[in-house]
Each structure stands twice: as C-alpha cells, then as structure tokens.
Amino acid sequence: MCSTLSGGGRAPRTGGRPRSARADAAILEATRAALVELGWSKLTMGDVATRAGVAKTTLYRRWAGKNELVVDAVAVLFDELELPDLGSLAADIEGVVRQFAALLERPETKTALMAVIAESTRDEPLRERIRESIVARQKRLVLEGRRRAQTRGELPAGAGPAAGTDDLIFDVIAGAVVHRALVSAEPVDAQWVRRFTALLLGGLAAAADETG
C-alpha cells in the first residue's frame, strides 16, 4: 500500500527541522497504547509525548491537537491493508475481508476507531479528517480490485462503474465488517466471509448487467 502519513490531509510544514519518520512512528504507537490503557477522555498530548520520549512541543508541531493525532494513529493501521492477488475476484475479496477483520480484532485498532467515530458525531472537522485520512485512502482497494478483475475478464473491461458505485462497494464492505466485528461482536469466520463475498459478487453482477 502505501500512503504516507502526510497523505491524510495534514497541512505541510513550512520550516524547522525535517520530520523524523521514526519519531512519528513512536508517537503514533504511543497514542494507540495510551488509548487502550486510558481511553479517549483521559488521553492527553502530554501523556503521549512522555510515552513516545519526545517533547510535547514536538507533537504540536505535527498535530494541532488530540483529534488529529488519534485519527492519524488509526489511519496508519488501515494503511497496512492490501488486496491480495489470489487468482479471482472472489478470493481477493475474501482475503482483504479477513485482513480487515483481523485488524479490527487488535485492541489498539478497536479502541482508537470506536473513540474517533464517537467523538466525530459532535465534531464536523474531525469527521472530515476521518473521511480524508482513513476512508478516502482505503478506497484504493476497491479501485485496484476492479482493475484487476477487468484484466482477468471477470468484469467488463473498459466500462467505468456507474456513478458512485465504487463508493457504494467500499461502504458495503467496510460497513458490513465493522458492524459484524465491533457492533454485533460476532466472528468474521470463513463461512461468514464466503457468504458475504457471494452476496457482494451477486450485486456486482447485477450492476454490470444494468450498465452493460
């Protein structure tokens, strides 16, 4: 994959010393650890700075506040997702869904994601940052899957999707897995993944027939 940390909509720095990738990684890891241990309400920039071994001013040079910091700490976890090339669209979808479910099982992902979503219900700038830093960056998986399926001949080549189709596919996959794993707290096991993929592919086939 790989989006960089600056891909999440953060304003570029205009001076000072160069960014340190190692320091950024330490800060984001410390943020996730603090969230798991303390929760959103008790998390502070000072606590993160202490855990990461940096000055608090270092954090504020990179992030305006806790909201932006936590979103970026979540975003880099989702950047780990990759669309495997397993020989068919069905197998590829199953593979990325299993990756996604495994990611959501990690305490740092679960805690951070639920925290920022809850906070964003009363913070529109935070909601926009989530859209830019997490949602928009991961839609690449849908685009890559469609291109690969067209190359294999599994989807019609050359025909672009109907308006909003890629967004809808992303919403269906992300929404279903998040609801299953975090809301219903049910296992995203092999049987569920197969059934979900079959349902999704049935919808894709119907959409292709409508646009064909």
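Biologist: How many helices and how many strands does the chain have?

Modeller: The chain has 10 helices and zero strands, where helices (H or I, at least four residues) and strands (E, at least two) are DSSP runs numbered from the N terminus. Please keep in mind that this is a predicted model, in which local features need pLDDT of at least 70 and side-chain atom pairs count only at pLDDT 80 or more, while totals for chains, interfaces and linings use all residues. Residues are numbered from 1 along each chain as its sequence is written, and side-chain values use heavy atoms, with hydrogens and water left out.

Biologist: What share of the residues is buried?

Modeller: Of the 212 residues in the chain, 41% are buried, and buried here means under 20% relative accessible area, with exposed being over 50% and partly exposed in between (1.4 Å probe, protein chains only).

Biologist: And what share of the contacts with a separation of 6 or more comes from residues 24 or more positions apart?

Modeller: Such residues account for 67% of the contacts in the chain with a separation of 6 or more, a contact being heavy atoms within 4.5 Å.

Biologist: OK, aromatics next. How many aromatic pairs does a search of the whole structure find?

Modeller: The search finds two aromatic pairs; rings of Phe, Tyr and Trp (its six-membered ring) pair if their centres lie within 6.5 Å, and planes under 30 degrees apart count as stacked, over 60 as edge-to-face and the rest as tilted. Phenylalanine 78 and phenylalanine 100 form an edge-to-face pair, with 5.9 Å from centre to centre and 65° between the planes. Phenylalanine 78 belongs to helix H4 (residues 66-78) and phenylalanine 100 to helix H5 (residues 89-105), so this pair ties together parts that are 22 residues apart in sequence. Phenylalanine 78 and phenylalanine 100 are buried.

Biologist: Why is the pair of tryptophan 192 and phenylalanine 196 called stacked?

Modeller: The ring centres of tryptophan 192 and phenylalanine 196 are 5.1 Å apart and the planes are at 5°, so that pair is stacked. Both residues lie in helix H10 (residues 190-211), four residues apart, which is about one turn of the helix, and both tryptophan 192 and phenylalanine 196 are buried.

Biologist: Back to H5, is that helix mostly covered or mostly open?

Modeller: H5 is mostly covered, with 12 of its 17 residues buried, and among them are Leu89, Ile93, Val97, Phe100 and Leu104. The 17 residues of H5 should span 24 Å at 1.5 Å a residue, and its end C-alpha atoms are 24 Å apart, which agrees; the expected span of a helix is 1.5 Å times one less than its number of residues.

Biologist: Where does leucine 81 lie?

Modeller: Leucine 81 lies in the loop between H4 and H5, and leucine 81 is buried, with a relative accessible area of 7%.

Biologist: What about H7 and H8, at what angle do they pack?

Modeller: Helix H7 (residues 124-138) and helix H8 (residues 140-152) pack at an angle of about 10°, with their axes 4 Å apart. Axes are lines fitted to C-alpha atoms, for helices over the stretch in contact, and angles run from 0 to 180 degrees between N-to-C directions. That makes H7 roughly parallel to H8, since angles under 35 degrees count as roughly parallel, over 145 as roughly antiparallel, 65 to 115 as roughly perpendicular and the rest as oblique.

Biologist: Which residues make that contact?

Modeller: Ala136, Arg137 and Gln138 of H7 meet Arg140, Leu141 and Val142 of H8.

Biologist: How far does H9 reach from its first C-alpha to its last?

Modeller: Helix H9 (residues 165-183) has 19 residues and reaches 25 Å, close to the 27 Å expected at 1.5 Å a residue. Its buried residues include Ile169, Phe170, Ile173 and Val177. Valine 178 is also in helix H9, and, leaving aside neighbours within four places in sequence, valine 178 is in contact with Phe100, Leu104 and Val183.

Biologist: What is phi for alanine 185?

Modeller: Phi of alanine 185 is near 55°, a positive value in a residue other than glycine. Most residues other than glycine have a negative phi. Alanine 185 is found in the loop between H9 and H10, and alanine 185 is exposed, with a relative accessible area of 59%.
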